[in-house]
Amino acid sequence: MSLVFFPPIPCRGVAKYLWNNFLGGHSNSRPLGNAVLDGIDFDIEGGTSKYWDVLAKALKGYRKSIILSAAPQCPYPDAWLGTTINTGVFNYVWVQFYNNPPCQYSGNAANLLRYWKSIPANKIFLGLPASPAAAGSGYIPPDKLILEVLPNIKRSPKYGGVMLWSKYYDKGYSSAIKPHVLALDQA
């Protein structure tokens with residue numbers, strides 16, 4: 001039996017490495033040369049749920065303007081990122097509202113809307129499959145999204161937009177919903 005130990009001090013070392021090699025710091029071994037990224041996305045789908053919160057807070061400690069985003073599953077709290085998202089340091093959360101029957105659209109928007117309200121984030125993006133073939137379940141036809149879901153979630157101050165999986169499967173879905181996706185204060 002092997003144990004993975006990822007204590008807080010190495011997390012701060014990982015944050016320092018990311019800062020110096022990809023973000024605003026300095027290193028002689030920057031993999032992308034002089035390119036400076038503006039943030040990090042936490043798309044954690046396995047392993048451990050421990051210490052991601054320490055890493056996120058350490059990254060924000062370098063510069064508050066670093067953009068941190070996370071891609072959890074619904075329902076909330078996500079098994080891997082729930083504690084981390086609770087830190088409140090994430091700018092954007094791209095929630096997968098598909099392949100998760102308890103919180104996805106399934107003929108009506110009730111479950112999805114209930115889970116939407118439970119996610120503690122500044123900006124939430126509604127993650128959806130771009131076609132029925134893109135996911136096992138949770139596809140919302142464009143007309144249902146426009147009429148049943150968007151009018152409800154766009155009222156939320158947490159509404160950031162819609163995230164689609166994936167471009168490969170998008171055969172007109174994004175074009176159909178685009179005029180309806182802007183937040184109320186952007187329309």
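**Close-up views of a predicted model**

**View 1. Helices α4 and α5 meet side by side.** In this predicted model, L112, L113 and W116 of α4 touch V149, N152 and I153 of α5. Sorted by class, this contact holds five nonpolar residues, one polar residue and no charged ones. Two packed helices are described by the angle between their axes and the distance between those axes. Here, α4 (residues 110-118) and α5 (residues 142-153) pack at about 20°, and their axes are 11 Å apart. The two helices are therefore roughly parallel to each other, and their crossing is right-handed.

**View 2. W19 and Y62 pair up across the chain.** The model has 11 aromatic pairs. One of them is formed by W19 and Y62, which are stacked, with 5.1 Å from centre to centre and 10° between the planes. W19 sits in helix α1 and Y62 in helix α2 (residues 52-62), so this pair links distant parts of the chain, 43 residues apart. W19 counts as buried at 11% relative accessibility, while Y62, at 34%, counts as partly exposed.

**View 3. W116 also pairs with Y159.** These two rings are tilted, 6.4 Å centre to centre with 40° between the planes. Because W116 lies in helix α4 and Y159 in strand β5 (residues 159-165), the pair ties together parts that are 43 residues apart in sequence. W116 is buried at 3% relative accessibility, and Y159 is buried with a relative accessible area of 3%.

**View 4. Here is G25 in its loop.** Look for G25 between α1 (8-21) and β1 (39-42). G25 counts as buried at 9% relative accessibility. Beyond its neighbours within four places in sequence, G25 contacts W19, N20 and R30.

Terms used
Residues are numbered from 1 along each chain as its sequence is written. This is a predicted model: local features need pLDDT of at least 70, side-chain atom pairs count only at pLDDT 80 or more; totals for chains, interfaces and linings use all residues. Side-chain values use heavy atoms; hydrogens and water are left out. Axes are lines fitted to C-alpha atoms, for helices over the stretch in contact, and angles run from 0 to 180 degrees between N-to-C directions. Helices (H or I, at least four residues) and strands (E, at least two) are DSSP runs, numbered from the N terminus. Angles under 35 degrees count as roughly parallel, over 145 as roughly antiparallel, 65 to 115 as roughly perpendicular and the rest as oblique. A crossing is left-handed if the near helix is turned anticlockwise from the far one by less than a right angle, and right-handed if clockwise. Contact means heavy atoms within 4.5 Å. Ala, Val, Leu, Ile, Met, Phe, Trp, Tyr, Cys and Pro count as nonpolar, Asp, Glu, Lys and Arg as charged, and the others, Gly among them, as polar. Buried means under 20% relative accessible area, exposed over 50%, partly exposed in between (1.4 Å probe, protein chains only). Rings of Phe, Tyr and Trp (its six-membered ring) pair if their centres lie within 6.5 Å; planes under 30 degrees apart count as stacked, over 60 as edge-to-face and the rest as tilted.
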